[in-house]
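Please keep the sequence and the coordinates at hand while reading.

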Amino acid sequence: MESLISTFHVDIKLLVAQLVNFAIVFCVLYFFAFKPLVKVMTERTATIDKSLKDADAIEKRLALTETERDEIIVAAKKQANLIIEEADKRGEERKGELIAKAKEEIGQVINAEKAKLTSEKAETLKEIKKETAELVILTVEKLLNEKMTADKDKELIKKLVK
Amino acid sequence: MAGEEIIHENTLYAEPIAHIGHFEITNALATSTVALVIIVILGIVINRNIKKVPTGLQNGLEMIIEGFLGIFDGITGSRKKSLQFAPVVLAFFFFILINNWMGLLPGVGSIGQIVEEHGQLIFIPYLRGATADLNTTLALATLGVVLSHIMGVLAIGWWKYLNKFINIKAFLEIPKKIKKDPMVILVNPIKAFVGIIEVIGEMAKIASLSFRLFGNVFAGEVLLASMSAILAYGVPIPFMFLEVLVGLIQALIFAMLILTYLTINTTAEEH
């Protein structure tokens, strides 16, 4: 042991000094390099893992959305067709109704006009009769005034009474 | 004095270059401090640039950490344990790696002062690869092994841990089990003896760790010096590459062995 120390100049102070050097190296490597690097690396691994999972989920959701969209489109088409059909039907109905109503109204107007015409005709006829009668009376009076005598008047009355 | 030859040799030990009171600063300690400064600067630069989306230096470092964690998982068997031990093991790896490579830089081992000692002029470099000094490797190895014991006690409890080495439990078990299995009276003392061998094994761990690293790096320096002595231009280049590789491999071996010790000591022994 003695010869070992003298041959290699082993010195406890030097040993301690080298240990201190190594301790500093360890601390620097651990706190400045290893710890933050491993932290960053594990974080990155976690991020990549999560991203991959997210991408999977997104893809699945996308596929789901696409089928959903297709379903919605098909349903919408069906409904649209239904609405169009109904609208057509209603239009037809309304058209019929309107035509019927118009016919009715036209009929009414025609009837009213006819009634008016008949009444007017009747009135006119009445007036014509009246005026004709007056005219006849006047004419008869004029005729009679000149040639009528009492005898003749009596005779005429008799004839008329008979 | 003039004309006297300057002795220029690779010593087995690090030489002192300055004094603070009674404390001698050796050239190996100086290099290790320079390495420390480099690592601190690197650490701060990395810390400033940490982002969730990595760029440049952070990318490289993350790749290194990921790679190491993958290797660690093979040894520890679980990512949780790997993450727990990684800071220590990576600190060993980077500190030793930087120090090993520092020793190969031009100027380290070649710039120095000439000191007179015992009537001889001796060249003393200002910087010497820190891992080419047994003080450094011994300190690191001791720390590593002691740390593995501390973690062991924390992980499986002091009583169980103590019985790995001084197997009191083996003796206490004898009266209970002797009726069922009389062989226990022979087997359990052997178990206790094995525990004592483990104690010696722990010493051997420190010795093998420290001398392996020291031996490899020091041998590398001697090898490069020898090759430079043959021909300073060209010849050392392939050996330089070799030493770069050796520096990396030795740092890796040291770190992996520490991790193995940590793993073994934190696992409860089952027979």
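Two residues are taken to be in contact if their C-beta atoms, placed from the backbone, lie within 7 Å. The structure is a predicted model, in which local features need pLDDT of at least 70 and side-chain atom pairs count only at pLDDT 80 or more, while totals for chains, interfaces and linings use all residues. Residues are numbered from 1 along each chain as its sequence is written, and chains are lettered from A and ligands numbered from 1 in the order in which they are written.

**Chain B as a whole**

Chain B holds eight helices and five strands, where helices (H or I, at least four residues) and strands (E, at least two) are DSSP runs numbered from the N terminus. Read from the N terminus, the order of these elements is β-β-β-α-α-α-β-β-α-α-α-α-α. The radius of gyration of chain B is 24 Å, well over the 18 Å that the globule rule gives for 271 residues, so chain B is more spread out than a compact globule; the radius is taken over C-alpha atoms, and the rule is 2.2 Å times the number of residues to the power 0.38. Along the principal axes, the C-alpha atoms of chain B fill a box of roughly 85 × 60 × 40 Å. Of its 271 residues, 30% count as buried, a residue being buried if 20 or more other C-beta atoms lie within 10 Å of its own, exposed if 12 or fewer, and partly exposed in between, with C-beta atoms placed from the backbone. Among the contacts in chain B with a separation of 6 or more, 67% are between residues 24 or more positions apart.

**Helix pairs in chain B**

Axes are lines fitted to C-alpha atoms, for helices over the stretch in contact, and angles run from 0 to 180 degrees between N-to-C directions.

| Helix pair of chain B | Axis separation | Angle |
|---|---|---|
| Helix 2 (residues 56–76) and helix 8 (residues 236–265) | within 10 Å | roughly 40 degrees |
| Helix 6 (residues 168–177) and helix 7 (residues 184–230) | within 9 Å | roughly 170 degrees |
| Helix 4 and helix 7 | 8 Å | about 145 degrees |

Helix 4 of chain B passes helix 7 of chain B in a right-handed crossing; a crossing is left-handed if the near helix is turned anticlockwise from the far one by less than a right angle, and right-handed if clockwise. On the helix 4 side of chain B the residues are B:Leu134, B:Thr137, B:Leu138, B:Ala141, B:Thr142, B:Gly144 and B:Val145, and they meet B:Glu202, B:Lys205, B:Ile206, B:Leu209, B:Ser210, B:Leu213 and B:Phe214 in helix 7 of chain B. By class, this contact of helix 4 with helix 7 divides into eight nonpolar, four polar and two charged residues, where Ala, Val, Leu, Ile, Met, Phe, Trp, Tyr, Cys and Pro count as nonpolar, Asp, Glu, Lys and Arg as charged, and the others, Gly among them, as polar.

With axes that cross at roughly 170 degrees, helix 6 of chain B is roughly antiparallel to helix 7 of chain B; angles under 35 degrees count as roughly parallel, over 145 as roughly antiparallel, 65 to 115 as roughly perpendicular and the rest as oblique. The contact joins B:Ala170, B:Phe171, B:Glu173, B:Ile174 and B:Lys177 of helix 6 to B:Val184, B:Ile185, B:Asn188, B:Lys191 and B:Ala192 of helix 7, and these comprise six nonpolar, one polar and three charged residues.

For helix 2 and helix 8 of chain B, whose axes cross at roughly 40 degrees, the arrangement is oblique, and the crossing is right-handed. B:Phe72, B:Ile75 and B:Thr76 of helix 2 make this contact with B:Leu259, B:Thr260 and B:Thr263 of helix 8, which gives three nonpolar, three polar and no charged residues.

**Where the chains meet**

In the interface, 35 residues of chain B are in contact with 29 residues of chain A. Strand 3 (23–26), helix 1 (27–48), helix 2, helix 3 (79–102) and helix 4 (134–156) of chain B each supply at least two residues of the side that touches chain A, and the largest share, ten residues, comes from helix 1 of chain B. This side of chain B has 26 nonpolar, seven polar and two charged residues.

**Individual residues**

A:His9 lies in the loop between helix 1 (2–8) and helix 2 of chain A and has a positive phi of about 55 degrees although it is not a glycine. A:His9 counts as partly exposed because 19 C-beta neighbours lie inside 10 Å. A:Leu62, in helix 2 (residues 12–147) of chain A, is exposed, with 9 other C-beta atoms within 10 Å. In helix 7 of chain B, B:Val222 counts as partly exposed, with 14 C-beta neighbours inside 10 Å.
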